[in-house]
Amino acid sequence: MATIVDDRVMVCVDCLMIIANDDATGLDHFLDEESAAAREREVRDAIAATQRDGNTLVVGDSEQDDAFSMSSCDCCHTNLAGARHHCVLIG
Ligand SMILES: [Zn+2]
């Protein structure tokens with residue numbers, strides 16, 4: 001049975017997209033192709049680092065999302081203000 005390693009990992013929308021759908025195509029809407037590719041690499045590296053001990057980051061409870069937060073993303077550590085989405089790290 002999976003155990004919860006961290007029950008409150010608040011991530012930015014870029015991280016959420018990849019955690020939820022393994023899909024980074026949304027990045028292209030805001031960035032040119034080159035920046036989007038760089039950003040995707042950064043986010044994937046951050047997710048890999050978070051999961052390094054064999055844990056898995058999964059989407060949590062949307063009721064616990066923050067519509068607007070100034071806190072940095074718990075995954076990629078961006079300081080860009082915006083929505084933060086609740087995820088859970090399971091082991
Ligand atoms: Zn992030």
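1. Zinc ligand spacing. The donor residues of the zinc ion follow the pattern C-x2-C-x57-C-x2-C in sequence. The model is predicted, and the points below should be read with that in mind. The ligands are Cys12 (SG), Cys15 (SG), Cys73 (SG) and Cys76 (SG), at 2.3 to 2.4 Å from the zinc ion. Cysteine 15 sits in helix α1 (residues 13–21), while cysteine 76 sits in the loop between β3 and β4. These two are 61 residues apart, and the pair links distant parts of the chain.

2. Zinc geometry. The site of the zinc ion is tetrahedral. Angles among its four donor atoms run from 104 to 115°. The cut-off for this label is that all angles lie between 85 and 135 degrees, so the site qualifies.

3. Cysteine 15 is buried, at 0% relative accessibility. Cysteine 76 has 12% relative accessibility. It also counts as buried, because the cut-off is under 20%.

4. Cysteine 87 is in no disulfide. The nearest cysteine sulfur to that of cysteine 87 belongs to cysteine 75, 8.1 Å away. Cysteine 87 is buried, with 0% relative accessibility.

5. Threonine 78. This residue lies in the loop between β3 (66–69) and β4 (82–90). Cysteine 76, a zinc ligand, is in the loop between β3 and β4 too. The side chain of threonine 78 reaches the backbone nitrogen of leucine 80 at 3.2 Å. Beyond its neighbours within four places in sequence, threonine 78 is in contact with Cys12, Arg39, Ser71, Ser72, Cys73 and Arg84. Cys12 and Cys73 in that list are zinc donors. Arg39 in that list returns in point 7 as a salt-bridge partner.

6. Aspartate 22 and arginine 44. The whole structure holds four salt bridges. In one of them, the side chains of aspartate 22 and arginine 44 meet at 2.7 Å, N to O. Aspartate 22 is in the loop between α1 and α2 (33–50), and arginine 44 is in helix α2, so the pair ties together parts that are 22 residues apart in sequence. Exposed or buried? Aspartate 22 is exposed, at 53% relative accessible area. Arginine 44 is partly exposed, at 32%.

7. Arginine 39 and its partners. The side chains of arginine 39 and glutamate 42 form a salt bridge at 2.5 Å, N to O. Both lie in helix α2, three residues apart, about one turn of the helix. Arginine 39 is buried, at 12% relative accessibility. Glutamate 42 is partly exposed, at 43%. A network of salt bridges links Asp14, Arg39 and Glu42.

8. Glutamate 40 and arginine 44. Arginine 44 has a salt bridge with glutamate 40 as well, with the closest N and O atoms 2.8 Å apart. The two are four residues apart in helix α2, which means a separation of about one helical turn. Glutamate 40 is partly exposed, at 25% relative accessibility.

Technical notes:
Residues numbered from 1 in each chain as written. Predicted model: local features only at pLDDT ≥ 70, side-chain atom pairs only at ≥ 80, totals over all residues. Heavy atoms only, no water. Buried < 20%, exposed > 50% of the residue type's maximum accessible area, 1.4 Å probe, protein only. Disulfide = S-S within 2.5 Å. Polar contact = N/O pair within 3.5 Å; in protein donor to acceptor, adjacent residues only side chain to side chain. Contact = heavy atoms within 4.5 Å. Donors = N, O, S within 2.8 Å, 3.2 Å for Na, K, Ca; no water. Tetrahedral: all angles 85-135°; square planar, octahedral: opposite > 155°, others 65-115°.
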